[in-house]
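Please examine the structure shown below. The questions that follow concern its sheet and its surface.

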Amino acid sequence: MDVFLRLLLRGVLLAVGWWVLADGSFYNWQVGLLVVALAVLATWWVAPLARRPATSARRVWAGVRLAGWFLWRSAVGGVDVARRAVTRVPDTDPEYVEHRFRLPPGNARVAVAYLNNLMPGSLSVHVGDVVQIHSIATELPTLEQVTELEERVAAAAGIDLG
């Protein structure tokens, strides 16, 4: 029963995605139904349903907080980058900084590097035990931002940084 519910959830999420892409129209719902069914089968083949431990409410809440923090930081950073870009002489002073991961190797590190790339003004250049980050300006709190991002990803992933 658990497998059925999880496949049904995938189907519902993909159907909502189809509906959004169709601009809220049900005109070609037969095609959408076929595409969603094929997409569910494809996702089952690519990412089989593995038994996972139940996600705790604490991790779910940490994920919600991570998303909110990320959206807020992206908005604030985007305004800052836009302000820098429209000045007659661009207000930039680029630098490279390094951050040593406290997360174990794996998907959580990758998530931190990718999310950092989406933060305005910073770009993960090299990722290993240390992530090298290109920052658009020296006065930006790049290291503090990636440290906080790492802590939030660790909380959402259920990883104790110690």
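Q: Which residue in S3 stands opposite Val 127?
A: The model is predicted, so local features need pLDDT of at least 70, side-chain atom pairs count only at pLDDT 80 or more, and totals for chains, interfaces and linings use all residues. Residues are numbered from 1 along each chain as its sequence is written, and side-chain values use heavy atoms, without hydrogens and water. Strands are DSSP runs of E with at least two residues, helices are runs of H or I with at least four, and both are numbered from the N terminus. In S3, the residue opposite Val 127 is Val 131.

Q: How many bridges join S2 to strand S3?
A: Two strands pair if DSSP finds at least two bridges between them. S2 and S3 (residues 130–135) run antiparallel, and the number of bridges joining them is 5.

Q: In what order do the 3 strands form the open sheet?
A: The pairing in this sheet is antiparallel. Strand S1 (95–100) and strand S2 (122–127) are the edge strands, each pairing on one side only. The order is therefore S1-S3-S2.

Q: Is Val 16 buried or exposed, or in between?
A: Val 16 lies in helix H1. Buried means under 20% relative accessible area and exposed over 50%, with partly exposed in between (1.4 Å probe, protein chains only). Because its relative accessibility is 44%, Val 16 counts as partly exposed.
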